[in-house]
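Here is a friendly briefing to read alongside the model.

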Amino acid sequence: MRVKVLTLLPPKKRAKLRFPDLAELAVKEHGDSLEFIEVERARDLEHWIASLLARDLEEAKVVVLHKITELLVEDPEGIELVLSASRRWHGDPRVRFVDDPEVTLLLTDRLRICQALSEVVAQEFIPPFKLPETIVPSSPSSVPEGLFPAIVKPLDACTTEHAHLMHLVAGREDYERIAATLPPHLLQRYIPHRQALYKIYLIGSDHMNIVVRPSVPPLTNSFDSQHLRHQPHLQPGSQEYAEAVKRVAPLEGRLRAISHLLSTRLLPDHPLTLFGWDLIIGEEDDELYVVDVNFFPGYDGAPDFHHCLLRLLLSS
């Protein structure tokens with residue numbers, strides 16, 4: 001069987017994932033059984049799928065590798081075109097989208113993510129993880145005093161240039177000072193966690209990587225969540241980094257169980273295969289807190305990403 005992989009990815013994403021290296025590895029390891037085809041415009045996707053299927057009616061297998069959430073910024077009009085293609089071939093065993101576009105769009109809303117995580121926790125007799133207390137405030141006066149200190153996060157998780165700009169507010173006065181200037185947002189209670197963030201990367205159902213990253217320092221006011229890795233603390237080789245790795249090492253079995261739950265239950269009937277989630281370990285209670293979920297993350301620091309992605313695409 002030959003697998004044709006249509007890639008609908010913005011140039012920035014392709015560069016970050018080093019796609020020329022991926023294509024070269026595919027030829028080296030799998031010959032002509034796996035071929036990558038770049039789709040430059042969303043409007044061309046449906047044509048590409050139809051033409052590939054018509055060309056090889058018996059053995060064709062088409063996999064669409066996309067980051068539709070980034071199209072919301074790069075090509076908003078292309079969203080409906082991708083959804084149309086997904087609906088047209090829904091249920092056709094020859095075509096698979098990694099992952100379902102309509103489902104992954106739900107991960108652009110932080111409130112929806114928090115609600116879905118809460119539903120996963122509620123279904124378990126013994127909750128496998130906790131969530132920081134979260135509210136969408138109607139006004140500064142509506143925020144319970146016990147919620148502070150809190151992190152202010154835009155409801156929009158990825159579709160605007162300010163989606164990753166967050167604020168750590170110590171109390172109500174700090175929040176009142178900036179509330180009027182903020183886009184729609186939620187407040188999440190800040191959990192002390194030794195400033196260590198764990199990125200859990202999943203590729204398919206059985207491959208997991210744990211990457212340690214610096215988190216927001218406690219005295220920070222505003223920060224870009226995508227640039228925390230450049231913080232001077234918790235860098236590889238430091239004592240802090242070694243301690244962070246030591247804390248998470250015994251938890252691999254629990255993290256795999258949580259990953260399976262998120263993959264299969266976060267968005268019911270639509271398993272996620274290419275996603276990541278963010279973990280912190282409470283400094284005061286040693287509990288595991290899930291603070292974010294992302295579709296098709298960057299996989300920075302994940303070894304063997306290319307090999308694992310190729311296996312996933314072939315198994316599709």
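This is a predicted model: local features need pLDDT of at least 70, side-chain atom pairs count only at pLDDT 80 or more; totals for chains, interfaces and linings use all residues.

Arg177 counts as exposed, at 57% relative accessibility (exposed means over 50% relative accessible area, buried under 20%, and partly exposed in between, with a 1.4 Å probe and protein chains only). Residues are numbered from 1 along each chain as its sequence is written, and side-chain values use heavy atoms, with hydrogens and water left out.

**The four-stranded sheet**

- Four strands make an open, antiparallel sheet in the order E10-E9-E12-E13 (strands, E, of at least two residues and helices, H or I, of at least four are DSSP runs numbered from the N terminus; two strands pair if DSSP finds at least two bridges between them).
- Strands E10 (207–214) and E13 (288–295) stand at the edges with a single partner strand each, so one side of each has no neighbour in the sheet.
- From one strand to the next, the twist averages 25 degrees (axes are lines fitted to C-alpha atoms, for helices over the stretch in contact, and angles run from 0 to 180 degrees between N-to-C directions).
- E9 and E10 pair in the antiparallel sense over eight bridges, and Ile203 has His207 in E10 as its bridge partner.
- E9 and E12 also run antiparallel, joined by six bridges; here Ile200 stands opposite Trp277 in E12.
- Seven bridges link E12 and E13 in the antiparallel sense, and the bridge partner of Gly276 in E13 is Asn294.
- E12 and E13 form a hairpin with six residues between them, and Asp286 in the turn has a positive phi of about 60 degrees.

**Packing around the sheet**

- Strand E12 is largely enclosed by the rest of the structure, because eight of its eight residues are buried.
- In a regular strand the side chains alternate between the two faces of the sheet.
- In E12, Leu274, Gly276, Asp278 and Ile280 point one way and Phe275, Trp277, Leu279 and Ile281 the other way, and all are buried.
- Helix H9 (residues 239–248) packs on the sheet, touching E9, E10 and E12, and its direction makes about 55 degrees with that of E9 (contact means heavy atoms within 4.5 Å).
- Helix H11 (residues 305–315) lies across E9, E10 and E12, and runs at about 35 degrees to E9.

**Helix H5 and its cover**

- The buried residues of helix H5 (residues 78–88) are Gly78, Ile79, Val82, Leu83, Ala85 and Ser86.
- Seen down the axis of H5, these buried residues fall within an arc of 160 degrees, so they line one face of the helix (the arc is that of the directions from the helix axis to the C-beta atoms).
- The cover over the buried residues of H5 includes strand E1 (2–8), helix H3 (45–55), helix H4 (68–74), strand E4 (95–98) and helix H6 (101–104).

**Salt bridges**

- The structure holds 17 salt bridges (a side-chain nitrogen of Lys or Arg within 4 Å of a carboxyl oxygen of Asp or Glu).
- Asp174 and Arg177 form a salt bridge, with their closest N and O atoms 2.9 Å apart; the two are three residues apart in helix H8 (residues 172–179), about one helical turn.
- Lys199 forms a salt bridge with Asp278, the closest N and O atoms being 3.0 Å apart.
- Lys199 lies in strand E9 (residues 196–203) and Asp278 in strand E12 (residues 274–281), so this pair ties together parts that are 79 residues apart in sequence. Lys199 and Asp278 are both buried.
- The side chains of Arg256 and Glu252 meet in a salt bridge (3.2 Å, N to O), and the two residues are four apart in helix H10 (residues 252–265), about one helical turn.
- Arg256 is partly exposed, at a relative accessible area of 35%, and Glu252 is partly exposed at 38%.
- Salt bridges that share partners join Lys16, Arg213 and Asp300 into one network.

**Cysteines**

- A search of the whole structure finds zero disulfides (pairs of cysteine sulfur atoms within 2.5 Å).
- Cys114 is in no disulfide, and the nearest cysteine sulfur, that of Cys158, is 14 Å away.
- Cys114 counts as buried at 16% relative accessibility, and Cys308 is buried with a relative accessible area of 4%.
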